[in-house]
Amino acid sequence: VKFKGGKLPSSIGGLIHLRFLSLYKAGVSHLPSTMRNLKLLLYLNLSVAIGEPVHVPNVLKEMIELRNLFLPWLMHDKAKLDLGDLVNLEELGFFSTQHSSVTDLLRMTKLGSLSVSLSERCTFETLSTSLRQLRNLKTLYVGELDLDFIHLKELGLTVRMSKIPDQHQFPPHLEHISLFDCRIEEDPMPILERLLHLKSVKLRYDAFVGRRMVCSKGGFPQLRALEIYKQSELEEWIVEEGS
């Protein structure tokens with residue numbers, strides 16, 4: 001839906017019994033402050049259509065029943081959101097340290113899935129300190145590399161890098177990995193195939209920009225799914241017998 005002037009009507013605040021609200025890919029650039037009345041929401045998806053920055057008032061902190069929250073991909077630079085009271089969150093998408101405090105994550109002890117982007121003022125060490133308290137966290141998407149989370153099962157990376165980290169830098173029990181637009185120059189397969197618990201690998205949108213990729217004998221002992229999508233430079237893929 002495209003809303004007139006990009007504004008979600010303020011009357012949305014009258015739906016006080018609402019449990020589920022998704023604005024996924026909707027034409028919205030301005031959310032009304034009346035959304036603070038939606039205190040019973042369990043699911044809120046604000047991943048509106050990519051384009052202009054979205055105005056989000058600081059009212060999400062009052063939706064303390066939220067279990068699933070997806071923030072806009074792009075918000076106004078001055079937007080500030082307090083999320084520390086959302087202690088029931090189990091899934092948080094597109095969290096940005098530019099618009100919220102990383103310490104807000106400390107109280108989200110039920111969080112199982114998180115995607116986060118770091119601003120210049122937040123180091124990965126600071127983020128790591130907060131995340132290590134989240135014992136239920138199983139899925140993490142982040143734009144930096146320091147993967148010291150022994151309990152992680154699923155990892156997505158969108159950070160640019162010339163080569164993939166050494167196998168010992170990955171979480172030891174990792175089962176699923178997704179690489180998006182990383183533009184890795186060295187073949188990542190010799191590293192990935194040594195991650196013994198991997199069940200799925202996704203390489204999408206020029207995750208790898210080399211021309212030759214080799215899967216060697218004995219690699220990927222538990223792999224069930226492999227997705228190679230839009231690798232524009234790839235010319236040769238060798239799969240040895242027993243891989």
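Student: In which loop is Phe220 found?

Tutor: In this predicted model, Phe220 is found in the loop between strand 10 (212-215) and strand 11.

Student: What makes Phe220 buried or exposed?

Tutor: The relative accessible area of Phe220 is 9%. Buried means under 20%, so Phe220 is called buried.

Student: What is phi of Phe220 near?

Tutor: Phi of Phe220 is near 50 degrees, which is a positive value in a residue other than glycine. Most residues other than glycine have a negative phi.

Student: Which loop holds Lys25, and what is phi of Lys25 near?

Tutor: Lys25 belongs to the loop between strand 1 and strand 2 (43-45). Phi of Lys25 is near 60 degrees, again a positive value in a residue other than glycine.

Student: How do you know whether Lys25 is buried or exposed?

Tutor: Lys25 has a relative accessible area of 54%. Exposed means over 50%, so Lys25 counts as exposed.

Student: Why is Phe94 called partly exposed?

Tutor: Phe94, whose place is in strand 4, has a relative accessible area of 32%. Buried means under 20% and exposed means over 50%. The value for Phe94 lies in between, so Phe94 is partly exposed.

Student: Which residues make the nonpolar surface patch?

Tutor: Tyr24, Trp73, Leu74 and Phe94 make this patch of about 380 Å². A residue in a patch needs over 30% relative accessible area. Phe94, at 32%, therefore passes that cut-off.

Student: What is the order of the strands in the open sheet?

Tutor: The open sheet has 10 strands in the order 1-2-3-4-5-6-7-8-9-11, with parallel pairing. Strand 1 (20-22) and strand 11 (225-229) are at the edges; each has a single partner strand, so one side of each lacks a neighbour in the sheet. From one strand to the next, the twist averages 10 degrees.

Student: How do you know that strand 4 and strand 5 pair?

Tutor: Two strands pair if there are at least two bridges between them. Strand 4 (residues 91-96) and strand 5 (residues 113-117) have 4 bridges in the parallel sense, so they pair. Leu92 stands opposite Leu114 in strand 5.

Student: What joins strand 5 to strand 6?

Tutor: Strand 5 and strand 6 (residues 139-142) run parallel and are joined by 4 bridges. Leu114 has Leu140 as its bridge partner in strand 6.

Student: How many bridges lie between strand 6 and strand 7?

Tutor: Strand 6 pairs with strand 7 (residues 154-157) over 4 bridges, in the parallel sense. Here Tyr141 is opposite Gly156 in strand 7.

Technical notes. Residues are numbered from 1 along each chain as its sequence is written. This is a predicted model: local features need pLDDT of at least 70, side-chain atom pairs count only at pLDDT 80 or more; totals for chains, interfaces and linings use all residues. Side-chain values use heavy atoms; hydrogens and water are left out. Helices (H or I, at least four residues) and strands (E, at least two) are DSSP runs, numbered from the N terminus. Axes are lines fitted to C-alpha atoms, for helices over the stretch in contact, and angles run from 0 to 180 degrees between N-to-C directions. Patches are made of residues with over 30% relative accessible area and no salt bridge: like charges are joined within 9 Å, nonpolar side chains (Val, Leu, Ile, Met, Phe, Trp, Tyr) within 5 Å. Accessible areas come from the Shrake-Rupley method with a 1.4 Å probe; for residues, only the protein chains shown count as cover. A salt bridge is a side-chain nitrogen of Lys or Arg within 4 Å of a carboxyl oxygen of Asp or Glu. Buried means under 20% relative accessible area, exposed over 50%, partly exposed in between (1.4 Å probe, protein chains only).
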